Amino acid sequence: HKCKLSFFYLLIFFIIYFLFPNFYKLENLFKVETKRINITNGFVKFTKTGNIVSCFLHLANAIQPFTFNNDAQVINYPDGFTPNNEYYHTEHVMMAQERNNINGTVRLIPRESGIKIWGAQGKQYYEIKGTFIYCI
């Protein structure tokens, strides 16, 4: 019986290897790469697992509120973290705490040149944070 089982397993291995040559070349989905980039009032953290990227933005200043013009560049993409073209010009909502304890939202927009912010003009913020996901 051992000989038959060994032959059976060997046969299965060769069938998979030759009929599905990419089976053993699948992307390692457990490989994680992270880039944290400090920017004014906070940081942006890119975490890549396979070809999926999570982009976490955290800006905060409890003493001095900050602001942005619409379409202001927040950050450039680090090497290896540029989105697939299908994700450009999409909008991703971030939580924002404005002056006078008003809560609201702003939007991050991935563009070819980097990540832009929209909906922040004319407002003053103590904190902006959130996460969005895209594929590369």
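The structure is a predicted model, in which local features need pLDDT of at least 70 and side-chain atom pairs count only at pLDDT 80 or more, while totals for chains, interfaces and linings use all residues. Residues are numbered from 1 along each chain as its sequence is written, and side-chain values use heavy atoms, with hydrogens and water left out.

I begin with the overall fold. The chain has one helix and eight strands; helices (H or I, at least four residues) and strands (E, at least two) are DSSP runs, numbered from the N terminus. Along the sequence the pattern reads α-β-β-β-β-β-β-β-β. An open sheet of eight strands is arranged in the order β1-β2-β3-β8-β5-β6-β7-β4, with antiparallel pairing. Two strands pair if DSSP finds at least two bridges between them. At the edges lie β1 (32–39) and β4 (72–75), each of which pairs on one side only. On average, neighbouring strands of this sheet are turned by 25° against each other, direction ignored; the axes are lines fitted to C-alpha atoms, and angles run from 0 to 180 degrees between N-to-C directions.

Let us follow some of the pairings. Strands β1 and β2 are antiparallel and share eight bridges, with I37 opposite V44 in β2. They form a hairpin with two residues between them, and N41 in the turn has a positive phi of about 70°. Further along the sheet, β3 (residues 52–60) and β8 (residues 125–135) run antiparallel and are joined by nine bridges. Here V53 stands opposite Y134 in β8.

Strand β5 is joined to β8 by four bridges, again antiparallel, and to β6 by six bridges in the antiparallel sense. Which residues stand opposite Q97 in these two strands? In β6 the residue is N103, and in β8 it is E127. The hairpin of β5 and β6 has four residues between the strands, and N100 in its turn has a positive phi of about 65°.

I turn now to the interior. By the same definition, exposed means over 50%, and partly exposed lies in between. The chain exposes about 9100 Å², of which carbon and sulfur atoms supply 57%; these areas come from the Shrake-Rupley method with a 1.4 Å probe.

In soluble globular proteins, nonpolar side chains tend to be buried together. A nonpolar core is a set of buried Ala, Val, Leu, Ile, Met, Phe, Trp, Tyr and Cys residues joined through side-chain atoms within 4.5 Å. In this chain the largest such core has 25 residues, and F46, I117 and I128 touch the most other members. The elements giving two or more residues to this core are β2, β3, β4, β5 (92–98), β6 (103–111), β7 (114–118) and β8. Contact means heavy atoms within 4.5 Å. Leaving aside neighbours within four places in sequence, I128 is in contact with residues including L57, F66, M94, V106 and I117.

In a regular strand the side chains alternate between the two faces of the sheet. Strand β5 has a covered face of H92, M94, A96 and E98, and an uncovered one of V93, M95 and Q97.

Two residues deserve a separate word. H92, in strand β5, counts as buried because its relative accessibility is 17%. The side chain of H92 makes a polar contact with the side chain of T90 at 2.8 Å. A polar contact is a pair of N or O atoms within 3.5 Å; within protein, one must be able to donate a hydrogen and the other to accept it, and residues adjacent in sequence count only if both atoms are side-chain atoms.

K48 is found in strand β2 (residues 42–49). Is K48 buried or exposed? K48 is buried, because its relative accessible area is 12%. The side chain of K48 reaches the backbone oxygen of G80 at 2.9 Å.

Finally, the loops. Most residues other than glycine have a negative phi. D71, in the loop between β3 and β4, has a positive phi of about 70° although it is not a glycine. H89, in the loop between β4 and β5, has a positive phi near 65°. D71 is partly exposed at 32% relative accessible area, and H89 is partly exposed at 46%.

Technical notes
Buried means under 20% relative accessible area, exposed over 50%, partly exposed in between (1.4 Å probe, protein chains only).
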